[in-house]
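Subject: Handover of a structure, with findings

Dear colleague,

Please find below the structure that I am handing over to you. After it, I set out what was found there, beginning with a term that you will need.

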Amino acid sequence: MFSNRIAGRRGLDGLYAHGTAGEFHALGEDEYDRVNALLAERCEPHRLPFQIGAGHMSAQTCLARVGRARALRPGAIQVTLPDWLPLSRGEVVRFLARVAAAADPVPLVRHAAGLAVFVPGHDLATGRRHGAAGSYSNIAARAQLPWR
């Protein structure tokens, strides 16, 4: 059902899981992997691009997520910087170099405030008037997932 609904959507450029709505902090690693596998499984037959967020407050968990996400061949992997302490420029560069090596050949996208504003899908109609560049769906964080 998911595949049929998504395949018929005009104007849908792709799907994204584990963004900055907080679910990347809330999901356990097994849930994270199941969502990613489902996303890849449902998007690939329709050649629908997908992106996977691999951010986490733990640098080690982020690196492990990047390695597992890379195996699914997403169009990109988004990461965030570890957020529990301030990093120097050198630490940021070293961290991103390690993450890029773990993701290779999949490109990285680093979440950076101020580059574009995305709003929840249910707010897109009014958000565009206020400068939103697009929308994201936070439904996966709220829905009863099919494997439960």
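Two strands count as paired if DSSP finds at least two bridges between them. With that term in hand, please note that this is a predicted model, and that Leu 15 stands opposite Phe 50 in S2. In the same strand S2, Gln 51 is the residue that Tyr 16 stands opposite. S1 and S2 run parallel and are joined by three bridges.

The chain as a whole

The protein chain contains seven helices and six strands. Along the sequence, they follow the pattern α-β-α-α-β-α-β-α-β-β-α-β-α. Of the 148 residues in the protein chain, 33% are buried.

Four strands form an open sheet in the order S1-S2-S3-S4, and their pairing is parallel. Which strands stand at the edges of the sheet? They are S1 (15–17) and S4 (108–110); each has a single partner strand, so one side of each is left without a neighbour in the sheet. From one strand to the next, the twist averages 25°.

Further into the sheet, S2 and S3 run parallel and are joined by three bridges. Gln 51 has Ala 76 as its bridge partner in S3.

Helix H3 lies across S1 and S2, and runs at about 175° to S2. Helix H4 also packs on the sheet, where H4 touches S2 and S3; the direction of H4 makes about 170° with that of S3.

H3 has 15 residues, and from its first C-alpha to its last it reaches 21 Å, close to the 21 Å expected at 1.5 Å a residue. Which residues of H3 are buried? They are Glu 31, Tyr 32, Val 35, Asn 36, Leu 39, Ala 40 and Cys 43. These residues cover an arc of only 165° around the axis, which puts them on the same side of H3.

Arg 65 belongs to helix H4. Is Arg 65 buried or exposed? Its relative accessibility is 0%, and buried means under 20%, so Arg 65 counts as buried. Between Arg 65 and Ile 52 there are 13 residues of separation in sequence, and their C-alpha atoms are 9.5 Å apart in space.

In soluble globular proteins, nonpolar side chains tend to be buried together. Here, the largest nonpolar core has 22 residues, of which Val 66, Ile 77, Val 79 and Val 99 touch the most other members. Two or more residues of this core come from each of H3 (29–43), S2 (50–53), H4 (59–70), S3 (76–79) and H5 (89–103).

What does Ile 77 touch, leaving out residues up to four places away in sequence? Its contacts include Ile 52, Ala 54, Val 66, Ala 69, Arg 70 and Ala 103. Val 106, Pro 107, Leu 108 and Val 109 are also among the residues that Ile 77 touches.

A colleague

Technical notes:
Residues are numbered from 1 along each chain as its sequence is written. This is a predicted model: local features need pLDDT of at least 70, side-chain atom pairs count only at pLDDT 80 or more; totals for chains, interfaces and linings use all residues. Side-chain values use heavy atoms; hydrogens and water are left out. A nonpolar core is a set of buried Ala, Val, Leu, Ile, Met, Phe, Trp, Tyr and Cys residues joined through side-chain atoms within 4.5 Å. Buried means under 20% relative accessible area, exposed over 50%, partly exposed in between (1.4 Å probe, protein chains only). Contact means heavy atoms within 4.5 Å. The expected span of a helix is 1.5 Å times one less than its number of residues. The arc is that of the directions from the helix axis to the C-beta atoms. Axes are lines fitted to C-alpha atoms, for helices over the stretch in contact, and angles run from 0 to 180 degrees between N-to-C directions.
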